[in-house]
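Hi,

Here is the structure I said I would pass on.

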Amino acid sequence: VELSRQIRKLENRLDKAMMQYNEAQGICSTYEHIVKRLKSERIEFDNQLTALERTLESKYRDFEELTLLCGDASHARDVA
């Protein structure tokens with residue numbers, strides 16, 4: 001009888017440990033998915049940042065060109 005109780009206790013402890021293990025495995029899997037997603041987003045954001053930096057450089061060059069054209073137009077108006 002005592003041996004049966006001890007076996008039952010051990011089986012219950014094992015069941016609890018298995019439930020905790022399975023829960024931990026599920027959480028671990030969730031975090032692995034999150035890390036994978038974040039790494040993917042990091043690459044996407046790096047690419048977006050590079051594209052935005054190129055666009056900004058292009059707009060800055062356009063601005064410089066327009067500033068020169070404005071100066072030339074003002075000079076032509078003053079000469080005329």
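Below is what I found about the salt bridges.

Before anything else, please keep in mind that this is a predicted model. The count of salt bridges comes to 3, and I'll go through them one by one.

Let's start with Arg5 and Glu2. These two form a salt bridge, and their closest N and O atoms are 4.0 Å apart. The cut-off for a salt bridge is within 4 Å. Both residues sit in helix α1, which covers residues 2–79. They are 3 residues apart there, so about one helical turn separates them.

Next come Glu41 and Arg37, whose side chains meet in a salt bridge with an N to O distance of 2.9 Å. Glu41 has 22% relative accessibility and counts as partly exposed; buried would mean under 20%. Arg37 counts as exposed, at 52% relative accessibility, the cut-off for that being over 50%.

The remaining pair is Arg77 with Asp78. Their side chains meet in a salt bridge too, at 3.7 Å from N to O. Which of these two is exposed? Both Arg77 and Asp78 are.

If you want to find the pairs on screen, look for Arg5 with Glu2, Glu41 with Arg37 and Arg77 with Asp78.

Cheers

Key: Residues numbered from 1 in each chain as written. Predicted model: local features only at pLDDT ≥ 70, side-chain atom pairs only at ≥ 80, totals over all residues. Heavy atoms only, no water. Helix = DSSP H or I, 4+ residues; strand = E, 2+ residues; numbered from the N terminus. Buried < 20%, exposed > 50% of the residue type's maximum accessible area, 1.4 Å probe, protein only.
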